[in-house]
Amino acid sequence: MPHSSLTSKRARTQSAEPKECTLLAANRGEIALRIIRAGRELNMNCIAIYSFEDRLSMHRTRADKAYQIGSPETHSPVGAYLSIPDIIEIAKAKNVTAIHPGYGFLSENPQFARACAEAGIAFVGPSAAVIESCGDKTKARQLAINAGVSVVPGSDGPINTVADAEAFARAHGLPIIIKAANGGGGRGMRVVRDMESLPSLFERAKSESLSAFGDDTLFIEKLIERPRHIEVQILADSQGNVVHLFERDCSVQRRHQKVVEYGPSFLPNEARQKLFDDAIKLAKAVGYVNAGTVEFLVDSDNNHYFIEINPRVQVEHCVTEEITGVDIVASQIEIALGKSLPDLGLTQENISMRGFAIQCRITAENPSQNFQPDSGRISMYRSPGGHGVRLDGGPCYAGAIISPHYDSLLVKCITVGSDYQVARRKMLSALSEFRVRGIQNNIDWLMKLLTNDVFAAGGKVWTTFIDDTPELFKDFEADIRCGQRLMRYLGDLVVNGPSVVGQNGVPELRTDVVIPSLPDAPANASSVSCLTGWRNILVKDGPTAFCAAIRAHEGVLVTDTTWRDAHQSILATRVRTIDLAKIAPLTSHALSNAFSLECWGGATFDVSLRFLKECPWDRLQTLRKLVPNIPFQMLLRGANAVGYTAYPDHVVYEFCATAVKYGMDIFRVFDSLNYVDNLKLGIDAVKKAGGVAEAAISYTGDVSDLTKTRYNLQYYLDLTDKLVADGIHILGIKDMAGLLKPKAAKMLIGAIREKYPDLVIHLHTHDTAGTGIATYLAAVAAGVDIVDCAIDALSGQTSQPSMGAFVSSVDGTGISSAAVQTLSSYWDQMRLLYSPFESPMPPSDSSIYYTEMPGGQYTNLQFQSRQLGLGEQWTKIKAAYAQANRLCGDIVKVTPSSKVVGDLAQFMVAQNLTEQDVIDKCETLSFPQSVLEYYQGFLGQPPYGFPEPMRSKILNARGLKSIEGRPGASMAPLNMNDLRTKLVEKYGEIRDVDVLSAALYPKVFEEYMDAVSLYGEVTQIPTQYFLRPMDVGEEFQFDLEKDGQRMIIKFVAVGPLEDITGRRDVFFTVDGEARVIDVPDKSGDEQKTGKATSIKRPKADPKAKNECSAPMAGLVVDVNVKEGALVKMGQPIAVLSAMKMETIVTAPCDGVVGQVFVAGGDYIAANDLIVRIVE
């Protein structure tokens, strides 16, 4: 808007009377706006001042005129507001009548008040002499003593040295509190509870006082435990009139900084009147003029002790304004211009109190990180309203830049009610309406505070209540799951493109997925689940009766693998929970007679965390609710659970018990080497958890080739004997590579059926060679009970045989061809949606009879080979796979043993090694870690032993020890309680399943949690927008976790690359409200620090314990160590200042300082490396 138009608009809102006075607001942010509003209501011209860093601030644009103080070269961000000569010069040049200093900055500086008086300008506040006597806490203390007002035992005057402080502590005892004589707002204040810490705390208080107030004078008081902080608001005029405006309770503080204030207090009326009397007595004694606050500590017996007079307006003055109806800021201005209290109608008898008011300070701070200040751009701002709600805002609006240089206050919210509880409930309602996105804030924490039982009771809090109430921080997480972090993910897609590992291109499907209709099913079958199925028998009668019913069934049953192995084989295991959940209710109807749905375990657990950033436990729980009638089946890697290595036994037992609790029914237990001891552990864990134990024989070789001596029919019969003897419920035959030919299936299953007529037999194969249906038909003829199939759209090739073809070829499955085709129409769409993960595969590949490569690994290994630059050598890799198998001893190949063989094959091709080369050079080759661990015995013992002498040469040359027997048997237990404690310290709220995930996949879980912290719960984003950038103008919507809540997102634009920060602004609307997300552009050079400086600085490695980093952006006040210095863990390394708060950065470990990367005076960004320590 042009300046002239803006001026005319303001003129229309004001009196037509000529403006005779000009008011200058010598402050910034919220209080500057408050002063401007009061001045405008008094028909005054209003002038603002601002620093270069505040040039985009709201108080500049809301004033009639505004003038910049200096430049970045001449004034620091804070120094601009402390420059008395510059402010006076502007005031004189613009004929300013009065200057209001607000609070902070120069509000308690007597030199400023004196400079105003000398310039003939009214200072809105007390005189310089009064500020000197009241603002200096040592003088104010003596004033109180002289007036007969009780004070806390303290030093008679300033404390100049540590020795003086120690002498006071010895004389009066601990605890004591060190205070800045000219301070306020909690700065320059430290509590001392032990003599050892006194010297360092004294120096920090001194330094902070000098930095914040330009004066390092300190005094000391005895600390009263658990007092209430009650302050009395006064107004006084130049004629000696003094009134009180009642009191406020400001006890809720953190780091001595007030957080929530309310008025009136809950003190008895007699105690309140004593406070009022003493406040007026002190004001008259000092000759006080204008507004001020007399502050007291009140102990548990309602005795009060004077602590200070604040000779200025307070942040919390709004509370008093709301309960008295007195405009304190306007009264200040009029008193400064000569009016008396009676002129303003402010006599004590005319001042009354009505209702109750509460004020909450909304700040840019992270409560879960010790209220660490944040800075950056506010991408979205939505404020509350309604009866009894007042907002005093400053820098808070969409697009506003919150600077690290100033106070973290964003907006003050004040609510008024007839009593405390009404005001408190109004505040809770108001806070729930706030939306501040883009920066950390304390809104959700404030809601937790207001619902705390002690706070809610009213009048029960004390000054250290926050520190003494750790539950305020337990289970606390700012609720930004559905907003800011999701926008960050979508913005990252726009700027940097897809990031899911293995993705090649974007989805072919760009329309919404259509849920098909199932013939002869209820009309609501797509949303309401079926309740009848085989699981009813299992839940009612248990595993033994369940298996008996299966065996008695006249016909063969089907397991659908679409939800796990099929999409693992065809789509790299990348199908997300959201897309399984969409088809789940319809599946419960279409496959109500299915034996099971294989939906969990195996690679899905790892991939969910690692690539899809989903919790696999949440997936299981979600699907279980949607499909209550069909048994769920998972793949359990014996003693490896769902991992790729051995774990302590108790981890496997706990995993199985938790899986049953979350809805798992049938566990297909296998071992990658058919190692019986590993299998037995898994079987026992499943049975003790109450699950169905399906022990699986991993099939390899060819039992129909009678010339082979390994993996022949007798081998499998002997293995079956051992498993049956162990009390299994079901025998599984896991043909993971599709090697089981029809003749072999007839021989193997026929022999097992003849020996064990009551045993349930379940066959699993892959259709890689194209013989799957033929194998299944032969198995049915031989007496198999259950076979694994995939819905047609995801069947064939390296997946399972077609379900449609199978149910059309046999009787007794209970599944109609029409039902399969209905589901297939959905999965046809899924293949288009997940097209970026399809691997080019021939319709069939009979080379698997030579390579023996598992179907799931076939596609995974193809992808891995492309990532390693070996994609064009796929034929060589398949040949090397067979050679690697022989080098490993001709083993069973299924995860994780198949990974070992695959890693070795890729290693051989990459290094151009033959089979003989590996044998000859085995002592010096840099084998993949998985290969070395295999030879050590971490996976167990292969059926025909390790190849010797190659194994011994590999281990001896590297000093590696071999493991004999079951690996987990010799492993020390994992302390799950210690793991939980570490996770809680790092992430906050942690569930039992999170601890299990971290135990199984420590690094992957850490990466997952980091992703959730950065992007939120991305499971809610529809898949096409999870996998591709949105187009400009494109809009989509999705339902949130809570019923009846929907988010509508539209992509508007992306901004240019910012040279200094290396970031781009991405513009969205969310439910019609604008949001801006700044995203690092990863295509350019290494990112610069941005917020603090354009200098490139090295970042600390978060995993390196010897690297000391900046916890936030800010100014380096001091560096306490030099290179070569010995340091102890916890020793102060550097002091940072941000938003007027000093932070001590300490050594993370013992050692010697190897390198110092910053110096005093540097502005640094969060995570910049400060010091590297050599341990």
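A residue counts as buried when its relative accessible area is under 20%. His 59 comes in at 1%, so it is buried. Keep in mind that this is a predicted model.

**His 59**
- You'll find His 59 in helix 3, which covers residues 58-62.
- Its side chain gets to the backbone nitrogen of Gly 29, at 3.5 Å.
- Setting aside neighbours within four places in sequence, His 59 is in contact with a list of residues that includes Asn 27, Arg 28, Gly 29, Tyr 50, Asp 54 and Tyr 81.

**Arg 312**
- An unreviewed UniProt entry puts the feature "active site" at Arg 312.
- Look for Arg 312 in the loop between strand 13 (304-310) and helix 11 (317-324).
- Arg 312 has a relative accessible area of 9%, so this residue is buried too.
- The side chains of Arg 312 and Glu 108 are joined by a polar contact of 2.6 Å.
- Not counting residues up to four places away in sequence, Arg 312 also touches others, among them Gly 102, Tyr 103, Ser 107, Tyr 288 and Thr 293.

**Helix 8 and helix 9**
- Helix 8 (residues 162-172) packs with helix 9 (residues 198-213) at an angle of about 120°, and their axes are 10 Å apart.
- That angle makes the two helices oblique to each other.
- On the helix 8 side, Val 162, Ala 165, Glu 166 and Ala 169 make the contact, while helix 9 brings Leu 198, Pro 199, Phe 202 and Glu 203.
- The crossing of helix 8 and helix 9 is right-handed.

Terms used:
Residues numbered from 1 in each chain as written. Predicted model: local features only at pLDDT ≥ 70, side-chain atom pairs only at ≥ 80, totals over all residues. Heavy atoms only, no water. Helix = DSSP H or I, 4+ residues; strand = E, 2+ residues; numbered from the N terminus. Buried < 20%, exposed > 50% of the residue type's maximum accessible area, 1.4 Å probe, protein only. Polar contact = N/O pair within 3.5 Å; in protein donor to acceptor, adjacent residues only side chain to side chain. Contact = heavy atoms within 4.5 Å. UniProt positions renumbered as here; feature names shortened; annotations may be inferred. Axes fitted to C-alpha atoms, helices over the stretch in contact; angles between N-to-C directions. Parallel < 35°, antiparallel > 145°, perpendicular 65-115°, else oblique. Left-handed = near helix turned anticlockwise from the far one by under 90°.
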